[in-house]
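Load the model and keep the selection tool ready.

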Amino acid sequence: MASVLAGCQLISSSKIPLNNNSCIFFNGDSEASIGAREHPRVVASYGGVYKNAGAEEAVARAVGRLVAASEDPSQTYKITILNSPAVNAFALPGGYLYVSRGLLALANDTSEMAAVLAHEMAHVTAHHGAARQQQEAAAALASKVVTNIVDDPEQVEAAVASSQRSFARFTQAQELQADSIGVRTLARAGFDPYAAARFLESMGRYSKFITARGDEKAAPDFISTHPSTPDRIARAIREARQIGAPGIGEQDRSAYLAKLDGMLYGDDPLQGFVRGRSFLHKALGSGFTVPAGFQLENTPQAVLASDGKGTALRFDGADLVASESLPDYIQSGWINGLVDNSIRHTTVNGLPAVTATALAEGWSFRIGLVRKGETVYRFILATRDPSEAFLAAFDETLKSFRQLSPTEQARLRPLTIRVVKVLPGQTIHDLARRMSGIAPARRVKLFTLLNGLDDEVSLTVGQSVKLVVD
C-alpha cells in the first residue's frame, strides 16, 4: 500500500546493454510519444520498478535473442520489471514492454518467460497499440453521435453496446495474432515453441488458486478484451505443432531458476504484507483481518478484499490535520451519498473511531475511520445487497484493526524465492512444508503451481525447484 517510483529502466534491442541506466528519447515518433507519456503512470500504478540483477539479466538476454528473430529487428525496446506480485505483462506503443516480478516467479524456464515477451513484442511490431487507440476513439465518437441523435434510451444503450462488442472482437483478434507471431518468433530465437501453451496453462491454474475459484466455471464475458485461456492454449499448441514435435527448442530451466534465487516474492515490505486473511504493515505498526471467505489483495493504492459474492472492501490511509475531528473529516465531501445522522463515535482497540453509512447508485456502503496520530485509516465496505452478514463482516473487520507489538513487527520479513536442489527421498510434501507466508493447507498447491508440477508427480534427484521462504 505504497507507491515507489524509480528512474530509467533496462533498455534492450538486438544488442543487449545489460547495465545501461540511460533513457532512449524518440523524436517525431507518435507511437513512442504515447509510450513515453504513459510510462510514468504505469510505473506508479504497479508499485515502481523492481531492481534485481539476476532478473534483469535473464530478461535482457531473452529479449536480445527475440529481437534478432522478430519481424522487425530494428525495433528498439524499453523493458521494465514492475515491482508487482501480480502475474502480468503488457506493452505500450513505441516499444515499451512491462513484465511483473510475479510473472517471472511463476515462469519455470527461460522459454516460458520469453514466450510472454515475444507475445508483447508482437503487439509492438504489429502496431496494435496505435490501432487499438484509433478504434477506441472511433467507438467513443460513435457512442457520442448516437447519444446526441437518438432519443430512445434503449436504442442508445444497444448502439453503445454494439460498438463496445466490435472493439472487443477487434482486440481479441489482436491477442490471437500476437499469440501466433509470438510462437513463431520464439521458435526462430531457438526457444521451445510449446512454452507459450505451457505458461498459459500455468497462468490459468494460478489465477484459480489466487481467486479460490477451484474448478468453477465463470460466466462468459462478452465484452472481454482477451480470448479465453483454453482457446489460447489450444491455438498456441497448434502453432507450435506447425513448427515441430514437442522436445524441440531450448528451455533453459536450471539457468533461469538460478537467476531468480533471492528474488522478492509477494508484497513489497514498503506496501505491507498479506498473510492469509490478515494485512500487516511493519512500518505503520498496524494490521487487520478480514472474515473467512474474503480474499485480500494488496495494491500500491489500497488494500482490497472481496468475498466473491458481491461484497468488496477497500482499506487505505490519509493525512489528518491535528485540529480536524473524525466527524468533520467524514463530512468533508469525499463520500458521496453520506446518510444524515448515521455517524457514530466508537473506539477500536483503544483508538478513536467513527462509523457511518452511505447510499449511492444502488450501492450500500459502511464506512469506518480509525485515527492514529495524524493519520486516518479508512475502511469502506460495499455491496448491492445489504444484509446482516454484510454488517457483521464490516464490524468484524473494523474491530480487528490493531497496533502490532514490537515482537510482531520484528517477525515480519519479506518473502523471497529460494531455489534448491531436490535431495534423495524428498517428496513434494517434504519441500512444501518449508514454504512460508501461506496457510499450511495451501502450501502443496502453491509449490506445485510455482514449479509447474502435478500434485502426484515424483521429483527427480538434483532437480531445481522454487520455494517461498521468509
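The expected span of a helix is 1.5 Å times one less than its number of residues. Keep that in mind for the first stop; the model is a predicted one.

Select residues 229-243, which form helix 8. The helix has 15 residues, so at 1.5 Å a residue it should span 21 Å. The C-alpha atoms at its ends are 21 Å apart, in agreement with that value.

Now colour the buried residues of helix 8: Arg232, Ile233, Ala236, Glu239 and Ala240. They sit on the same side of helix 8, because they cover an arc of only 125° around the axis. An α-helix has 3.6 residues a turn, so residues three or four places apart point the same way. Turn to the face away from the buried side of helix 8: Pro230, Arg241 and Gln242 are exposed there.

Next, select residues 77-82, strand 2. How many of its residues are buried? The count is 6 of 6. One side carries Tyr77, Ile79 and Ile81, the other Lys78, Thr80 and Leu82, and both faces are covered.

Look for lysine 78 opposite tyrosine 96 of strand 4.

The largest nonpolar core has 70 residues. Leu66, Leu104, Met113, Tyr265 and Phe447 have the most contacts inside it. Centre on leucine 104: beyond its neighbours within four places in sequence, its contacts include Ile81, Val99, Met113 and Tyr256. Another core, of 22 residues, lies apart from the largest one; Phe294, Ala305, Ala393 and Phe401 are among its members.

Conventions
Residues numbered from 1 in each chain as written. Predicted model: local features only at pLDDT ≥ 70, side-chain atom pairs only at ≥ 80, totals over all residues. Heavy atoms only, no water. Core = buried A, V, L, I, M, F, W, Y, C linked by side-chain atoms within 4.5 Å. Buried < 20%, exposed > 50% of the residue type's maximum accessible area, 1.4 Å probe, protein only. Contact = heavy atoms within 4.5 Å. Helix = DSSP H or I, 4+ residues; strand = E, 2+ residues; numbered from the N terminus. Arc of directions from axis to C-beta. Pairing = 2+ DSSP bridges.
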